[in-house]
Amino acid sequence: MVRGLRALSLFRYLTLIIALTFLMIASATYLRNASNTGLSEPLHASMDPYGTFSQVRFLASQPYHVSFTASDEDFEGVLTIKSINGDFGLEKEFKHSVSVDLRPLRGFYLMNITSLYANGVGFVLNIGWDGMVLEEDVIVPSIWVSLGFMLAFVTLDIVVKTVEGTGTR
Amino acid sequence: MRRLLRVLTWEFKDRSRMLLIVAMYLTLLFALQLNAWGLWLSTTTLSIVDDVLFCMTRTLVDPVVMVYRLVSPVVAVLTCVCFSHEYETRVLRSLVLKPVEKTTIFLAKLLYLVLASCLVFAAASVVYLALMDPRSLMSILSSSVLPIAILVVGAHYLAIFLLVISVATLFSVVLRNTALSAGLSLLVIYILDYIGSIAVSLRMLPPWSIYQSFYENLFNIHILVSSPPVVFNLEPLKAVSFSIMLLAFSWIIFTRVTEYG
């Protein structure tokens, strides 16, 4: 009986820690969204003839704008954006420049630019995002999970205190 | 050794410090989550899973300044509670009366603080990374470079926590007043950070030397993954040496003091 009560008491604190964890995640995500302008430095680099430029990126669930401009007017290439776990894929053939608007699911993405051009070329890659848009897919579930565990904590607290009170009477 | 473990177990059983450890965990998680920007990493010849892992690792490196500024106060207060508060409440006096050497008590307290910081960091970073992209978490965990990444990130964060612990320990054993030692430790911790943020020429001082080496080493490993990793550059090693020196000084004071409350 005493051991069971102690386990229940520990479990009660565990539920509180989980509730606070999700509350922290929701509040930090909200604060980040409220202060993030989403500006990123344009990337200047060069590519070999028929070369490939790859980047792995973490994308939040916010609107993104990806633009690529080659220094040579005749440049031809293919832009590929795909999620690591394969549930999102985009492929676009372009000449000289390309721009894409997307609103991905939160996760890691591979961006590839493959050159179909016989000469080496310089380029500018710009990835901007609207950082002010709330990541509702993180904030809303986190608040619900937090509330659920908070409720569990309150219930367990009442149970533990009632059992403790019965024991001492 | 057995006595050290016994005192260490006793330290971990102290429930009054649990609240501070939970506060440290929540603050750390908050600081990490607050900095999860749209991070990127240009790929190399590594496999895509390894590249994603390094991209993830970078999300632990970027908030390092924020972690120092937000989590240091909690670590400093925990350290002061561990030492000064026990002078004030005469718990140390009762410990010293038992057949345990002062060095053992000091080492057990230090080990407790380091282990608690490491455990809290491990818990917060695992929760944070698991929530970043839960769909590809399992494949990332199978990455062959995961141990190196953990080693580099863990060593740098440990260096930061050790710096805070050493400063707070010194003030605690000298002043033996929780409020005063916590206040002065925080002052030193923030002054060190402020100096580095306004004077680039003074960034060889901790914690800026640790931040800079953290960025460099992450990219070194990314490029030279097949060669042995450089966990630290010389600069953070100086910071760690400085922390060890402060701790040695604190140990001398702690063991020479005869009056425990």
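In chain A, strand β3 (residues 64–70) pairs with β8(A) in the antiparallel sense, over 7 bridges. This is a predicted model. Strand β8 (residues 121–129) of chain A also pairs with strand β1 (residues 43–47) of chain A. In chain B, two helices are picked out below: α3 (residues 48–61) and α11 (residues 234–256).

**Strand pairing in chain A**
- Ser67(A) has Asn126(A) as its bridge partner in β8(A).
- The pairing of β1(A) with β8(A) is antiparallel and runs over 5 bridges.
- Met47(A) has Val121(A) as its bridge partner in β8(A).
- In a regular strand, side chains alternate between the two faces of the sheet.

**Helix α3 of chain B**
- This helix has 14 residues. From first C-alpha to last, α3(B) reaches 20 Å, close to the 20 Å expected at 1.5 Å a residue.
- The rest of the structure largely encloses α3(B), because 11 of its 14 residues are buried.
- Among the buried residues are Asp50(B), Asp51(B), Arg58(B), Cys55(B) and Phe54(B).
- Leu53(B), Met56(B), Leu60(B) and Val61(B) are also on the buried list.

**Ser243 of chain B**
- Ser243(B) sits in helix α11 of chain B.
- Ser243(B) counts as buried because it has 21 C-beta neighbours inside 10 Å; the cut-off is 20 or more.
- Beyond its neighbours within four places in sequence, Ser243(B) is in contact with Leu162(B), Leu163(B) and Ser166(B).
- Val71(B) is 172 residues from Ser243(B) in sequence. In space, the two are 18 Å apart, C-alpha to C-alpha.

Definitions and conventions:
Residues numbered from 1 in each chain as written. Chains lettered and ligands numbered in written order. Predicted model: local features only at pLDDT ≥ 70, side-chain atom pairs only at ≥ 80, totals over all residues. Helix = DSSP H or I, 4+ residues; strand = E, 2+ residues; numbered from the N terminus. Expected span 1.5 Å × (residues − 1). Buried ≥ 20, exposed ≤ 12 C-beta atoms within 10 Å, placed from the backbone. Contact = placed C-beta atoms within 7 Å. Pairing = 2+ DSSP bridges.
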